[in-house]
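Subject: Structure handover

Hello,

Here is the structure I promised to pass on to you. Please have a look at it first, and then read my notes below.

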Amino acid sequence: MSEATRQQRRREIRDRVKTGRQLLGKGLPLQPKTSEILAIAQVVKAKLGEADNPRRASEAAELAQTLAETSLAARPPTQQKIACTRGCAYCCHTFVAITPPEAFRLAAAVRSGQAAGMSADAVRERGRALVGVSPEARIGGKLACPLLVDGGCSVYRFRPLVCRQATSLDVDVCIDEFEGRNLAARIPISGVHLQHASNAHITLLGAMRASGFATDALELAAALDTALTEPNAEARWLAGEDVFKNVSRQVTREARLEHAISHVAGALTA
Ligand code: SF4
Ligand code: SF4
């Protein structure tokens with residue numbers, strides 16, 4: 001690459017980061033332009049590249065989760081009636097798949113007493129029954145997420161992106177899944193919540209892939225257990241070690257999402 005091309009590339013990255021930071025404050029439209037997704041993904045990638053910052057993975061998750069929150073606040077659903085209410089938590093008894101940065105963010109929240117004051121040991125103890133249970137076996141298994149306390153999410157501010165998109169239009173279908181019956185029915189979820197969370201996922205996973213990290217999704221309880229118990233788990237993961245090697249993964253992803261992640265990763269590394 002010539003020096004002129006390198007300079008132009010650096011300018012492009014600077015401009016993207018500037019635009020991305022502005023967009024993070026305003027949120028994304030439901031159908032963002034590719035340039036808008038790339039701008040935010042560039043900010044996330046820059047975060048992951050902060051060599052002296054040992055918390056850069058959890059902070060990358062925070063950027064993506066903040067994006068989902070800001071986008072939803074700026075453009076909430078107006079047409080669909082959401083069935084979710086406070087204290088309703090059937091969905092917190094299903095297999096939840098999260099990214100490593102989200103696991104580190106959850107672990108940090110637990111360690112700092114922000115999970116209803118539960119200790120790391122208490123969270124691990126609550127999650128023990130879930131470790132190794134397949135997604136299929138979770139349906140009707142009535143095994144609660146270790147972070148569910150008194151019917152509410154104890155880490156609401158820090159909850160993973162999949163929990164942000166699980167917004168049902170029909171609680172009866174959620175109850176059916178919780179009870180393990182009528183499984184042919186798919187939970188109808190809010191398209192607006194899904195889209196905002198997907199956009200945030202694409203920026204996080206695209207930036208992770210462009211930075212050389214695997215983008216498999218990990219089962220929440222086991223991933224959190226690892227993030228809480230492995231010494232220096234975040235630093236070791238950032239250094240390239242697969243600290244989650246014993247955690248079940250969800251490797252298949254919707255083709256549309258996978259395509260978008262690859263596209264973003266390709267554009268950020270070009
Ligand atoms: S997704 Fe279903 S179970 Fe979860 S809060 Fe909404 S209605 Fe309740
Ligand atoms: S992290 Fe919170 S919202 Fe997500 S499954 Fe657990 S308790 Fe429910």
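Let me start with the helix packing. Helix α2 (residues 34-48) packs against α9 at an angle of about 50°, and their axes are 8 Å apart. That makes α2 oblique to α9. The two cross in a right-handed sense. On the α2 side the contact is made by I37, I40, A41, V44, K45 and L48, and on the α9 side by N199, I202, T203, L204, G206, A207, M208 and A210. By class, these residues divide into ten nonpolar, three polar and one charged.

Before going further, a word on the source. This is a predicted model, in which local features need pLDDT of at least 70 and side-chain atom pairs count only at pLDDT 80 or more, while totals for chains, interfaces and linings use all residues. Residues are numbered from 1 along each chain as its sequence is written, and chains are lettered from A and ligands numbered from 1 in the order in which they are written.

The terms I use for helices are these:
- Helices (H or I, at least four residues) and strands (E, at least two) are DSSP runs, numbered from the N terminus.
- Axes are lines fitted to C-alpha atoms, for helices over the stretch in contact, and angles run from 0 to 180 degrees between N-to-C directions.
- Angles under 35 degrees count as roughly parallel, over 145 as roughly antiparallel, 65 to 115 as roughly perpendicular and the rest as oblique.
- A crossing is right-handed if the near helix is turned clockwise from the far one by less than a right angle, and left-handed if anticlockwise.
- Residues are in contact if their C-beta atoms, placed from the backbone, lie within 7 Å.
- Ala, Val, Leu, Ile, Met, Phe, Trp, Tyr, Cys and Pro are nonpolar, Asp, Glu, Lys and Arg charged, and the others, Gly among them, polar.

Helix α9 (residues 191-210) also meets α3 (residues 56-74): their axes come within 9 Å and cross at roughly 155°. The two helices are therefore roughly antiparallel to each other. Their crossing is right-handed. Residues in this contact include A60, A64 and A68 of α3 and H193, H196 and A200 of α9. The contact has ten nonpolar, six polar and no charged residues.

Another partner of α9 is helix α12 (residues 255-269), at an angle of about 45° and with the axes 8 Å apart. That makes α9 oblique to α12. Among the contact residues are I202, L205 and R209 of α9 and I261, V264 and L268 of α12. Here the classes are ten nonpolar, four polar and one charged.

Next, the sheet. Three strands form an open, antiparallel sheet in the order β1-β4-β5, where strands pair if DSSP finds at least two bridges between them. The edge strands, each pairing on one side only, are β1 (97-98) and β5 (249-250). Strand β4 (residues 217-219) pairs with β5 over two bridges, and A217 has Q250 as its bridge partner in β5. Helix α10 (residues 220-229) lies across β1 and β4, at about 90° to β4.

Finally, the ligands. Ligand 1 is surrounded by A83, C84, C88, Y90, C91, A166, T167, S168, V171 and C174, with a residue counted if its C-beta atom, placed from the backbone, lies within 6 Å. That shell has eight nonpolar, two polar and no charged residues. Around ligand 2 are C92, V96, C145, L147, L148, C153, V155, R159 and C163, of which eight are nonpolar, none polar and one charged.

Best wishes

Notes. Two residues are in contact if their C-beta atoms, placed from the backbone, lie within 7 Å.
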